Amino acid sequence: VWPDDKHGGTVWILEDITAAREAQAQQAWERMHDALTQLYNRAAFDERLGLLMAERSTRQRSAAAEDDGGEPQGDGVVLFLDLDHFTVVNDIAGHDAGDDVLRHVGRLLESHVRQIGWAARLGGDEFAVVLPGCALARGQAVAEQLRAAVHAWEPSYQGRSYTLGVSIGLVVLDASLQDVPSVLYSADMASYDATRAGPNRW
């Protein structure tokens, strides 16, 4: 307030809310990510895949209305990955070794798909990869790359080496799959079929 101001003045109060915003952003990140692998968690997987499917449905309706005769884009592919022989590592080498395996697989998935999609840890030793706009042939190639990469890694704990594998179920996001639970169920069943036939295959 200035001394010669007979009508009063204005008092400004400045507050630094940087820390509060950072804390809020951290909480939001933790809500959507798996603490062990840093990948998206199951809730984020459900939410993001649901949004992708809703966008695809809208896009398909628009394409049907316009039908410009252009080259069709792939509907997208979802991979469901179940680690083979993970319980052997967990039971013999211990939970710390098991956690290390899960972290490594998480990094491996992220490094392979970050340019074309995203990965999530659904729980336990189960992971998922979503490849938006990806055609079947490309999805199959990615599945084989991931299978080979996991199998090629031979972790060693307490002087003992372990061989891992991964059974991968692959589904195309076509019109027959209307919601996230149906996608996940179909991919899980495909992974189960791969395990029965293999394991360590897609």
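This is a predicted model: local features need pLDDT of at least 70, side-chain atom pairs count only at pLDDT 80 or more; totals for chains, interfaces and linings use all residues.
Which pattern does the protein follow when read along the sequence? The answer is α-α-β-α-α-β-β-α-β-β-β-α, with six helices and six strands in the protein. Helices here are DSSP runs of H or I with at least four residues, and strands are runs of E with at least two, numbered from the N terminus.

Residues are numbered from 1 along each chain as its sequence is written, and side-chain values use heavy atoms, with hydrogens and water left out.

Let me begin with the protein as a whole. Of its 202 residues, 38% count as buried, meaning under 20% relative accessible area, against over 50% for exposed and partly exposed in between, with a 1.4 Å probe and protein chains only. The accessible surface, by the Shrake-Rupley method with a 1.4 Å probe, is about 12100 Å², and carbon and sulfur atoms hold 51% of that. Among contacts with a separation of 6 or more, 67% join residues 24 or more positions apart; a contact means heavy atoms within 4.5 Å.

I turn now to the sheet. Four strands form an open sheet, ordered β2-β3-β1-β6, with antiparallel pairing; two strands pair if DSSP finds at least two bridges between them. Strands β2 and β6 (165–172) stand at the edges with a single partner strand each, so one side of each has no neighbour in the sheet. From one strand to the next, the twist averages 25°. Helix α4 packs on this sheet and touches β1 (76–84), β2 and β3, its direction making about 5° with that of β3. Axes are lines fitted to C-alpha atoms, for helices over the stretch in contact, and angles run from 0 to 180 degrees between N-to-C directions.

How many of the six residues of strand β2 are buried? Five are, so β2 (residues 118–123) is largely enclosed by the rest of the structure. Its antiparallel pairing with β3 (residues 126–132) runs over five bridges. Within that pairing, Ala 120 stands opposite Ala 128, and Arg 121 has Phe 127 as its bridge partner. The two strands form a hairpin with two residues between them, and Gly 124 in the turn has a positive phi of about 55°.

Next, the helix packing. Two packed helices are described by the angle between their axes and the distance between the axes. For α3 (residues 86–93) and α4 (residues 95–113), the axes come within 6 Å and cross at roughly 145°. Phe 86, Val 89, Asn 90 and Ala 93 of α3 meet His 95, Ala 97, Gly 98, Val 101 and Leu 102 of α4. By class, that contact has six nonpolar, three polar and no charged residues. Nonpolar covers Ala, Val, Leu, Ile, Met, Phe, Trp, Tyr, Cys and Pro; charged covers Asp, Glu, Lys and Arg; the others, Gly among them, are polar.

Leaving aside neighbours within four places in sequence, Asn 90 is in contact with His 95 and Gly 98.

Finally, the axes of α4 and α5 (residues 136–152) come within 11 Å and cross at roughly 145°. Contributors to the contact include Leu 108 and His 112 of α4, and Gln 145 and Leu 146 of α5. Its residues divide into seven nonpolar, two polar and no charged.
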